[in-house]
Amino acid sequence: MKKSILNGVLGLAMTAVWAGNVSAADPIRVGVPVVFSGPGAFVGTAEKNTLEMMAQDLNAKGGINGRPIKFIYYDTEAKPDVAVRMVTRLIKKDQVDAILGPTASWTGLPAKPIVEKFKMPTIMLASGSALVVPVAKWVFKVPPDDRIVVNRLLTHFKAKNITRVALTSSQDGFGNGGRKAFLANAVKFGVKVVFDERYTMEDTDLSPMLNKIKKTDAQVVLNWSSGKAPIVFAMNYKQVGIKLPHYESHGPLSAQFLKAVGDNAKGIMLAGPKIEGYKNLADSDPQKKVITAFKNAYRANYKAEGNLFGSGAYDAFNILVAALKKAGTDKAKLRDAIEQTTGYVGVGGIYNFSATDHGGLSGKSLVMYQATDNGWELMK
């Protein structure tokens, strides 16, 4: 038996606690193919913790029409081929009613055709716009994608009179999506890309590429990558002595990134969801109450801070549960109910899905951050 399947069967296939009287009703089976191993293990852990916390509460109140939620977890190992196998296994062998995941764009993209083929209602926890553009009937996602993040960054650049940008990106679904969106929209904001180079997720020294940027007339540097790549980039950035302002995609918006790079993170700017700066949001912001509730619940259950990745699972769970209450587990009706989600105020933003938009978020869900000694702070 392969390692990933063994992990799923013996270690990661978990059933949410059914509190109170045991129900004889069949559980609603939800597959969760996310990453539990390697450098990105903290991502899957945050997602699993959140889902377990919420299902435990839901099941204690009687589940959905008397049926408890049962999760089946598999480790994608952050590998496209493993993700495809695990998604296929969830559909064909485990016969799940819906899927939440995968986590990363480069694992979600190859899984997308599988989901479509088997007509499985799926809410992905990955952010690449290619997951939902063009619209795939059975695939939705909750994190903000490169299109709206790029637009927020370009709006910021225009306000700061930034017209020349050095662009670097990773060669994967996430990096490719961000690069494509930036190149497509930069001119409209009066921005010229004076440097454009890509690197692999396996690169451990980006110094040669960064040294090339010194020879350009760029005003700022924008890096678009996720996973461990932004860590390598940030460490090398300071080592080669680049003095230009450093911008990142929304991928590194976490306390774990700041801890990994230490003082090298100071000054990095990015556009991302409101979760890291929620305490400083206006009380009139409808998301503030939701983010506070998520943070408090996660802290009470795990004595740790809920992060961006857990918040994606939180929103995906709530959207799925609302659809299940409305439509039950008939897959076609469930898919339709997810697509009819409008006005849902989540941690990640206010979601409005439609037949032409399976991402559901607008730029209003994003704010600008800068890394300081006090963590990620909102920029004015």
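Author: One term before we start: a residue counts as buried when its relative accessible area is under 20%, and as exposed when that is over 50%. Also, this is a predicted model.

Reader: Fine. What share of the residues of the chain count as buried?
Author: Of the 380 residues, 56% do.

Reader: And the accessible surface, what does that come to?
Author: About 15800 Å² for the chain, with 53% of that belonging to carbon and sulfur atoms.

Reader: How many helices and strands?
Author: There are twelve helices and 14 strands. The chain is as compact as a globular protein of that length, because its radius of gyration is 20 Å, close to the 21 Å from the globule rule for 380 residues.

Reader: What does the C-alpha trace span?
Author: About 70 × 50 × 40 Å along the principal axes of the chain.

Reader: Switching to strands. Is E1 enclosed or open, and why?
Author: Strand E1 covers residues 28-34, and six of its seven residues are buried, so the rest of the structure largely encloses E1.

Reader: Which strand does E1 pair with?
Author: With strand E2, residues 69-75, in the parallel sense and over seven bridges.

Reader: What stands opposite Val30?
Author: Phe71, which is in E2.

Reader: Last topic, charges. How many positive and negative side chains?
Author: The chain has 49 positive and 32 negative ones. The centres of the two sets lie 2 Å apart.

Reader: And contacts between residues at least 6 apart in sequence: what share joins residues at least 24 apart?
Author: In this chain, 67% of those contacts do.

Notes. Residues are numbered from 1 along each chain as its sequence is written. This is a predicted model: local features need pLDDT of at least 70, side-chain atom pairs count only at pLDDT 80 or more; totals for chains, interfaces and linings use all residues. Side-chain values use heavy atoms; hydrogens and water are left out. Helices (H or I, at least four residues) and strands (E, at least two) are DSSP runs, numbered from the N terminus. The radius of gyration is taken over C-alpha atoms; the globule rule is 2.2 Å times the number of residues to the power 0.38. Buried means under 20% relative accessible area, exposed over 50%, partly exposed in between (1.4 Å probe, protein chains only). Contact means heavy atoms within 4.5 Å. Accessible areas come from the Shrake-Rupley method with a 1.4 Å probe; for residues, only the protein chains shown count as cover. Lys and Arg count as positive and Asp and Glu as negative; His and the chain ends are not counted. The place of a charge is taken as NZ of Lys, CZ of Arg, CG of Asp or CD of Glu. Two strands pair if DSSP finds at least two bridges between them.
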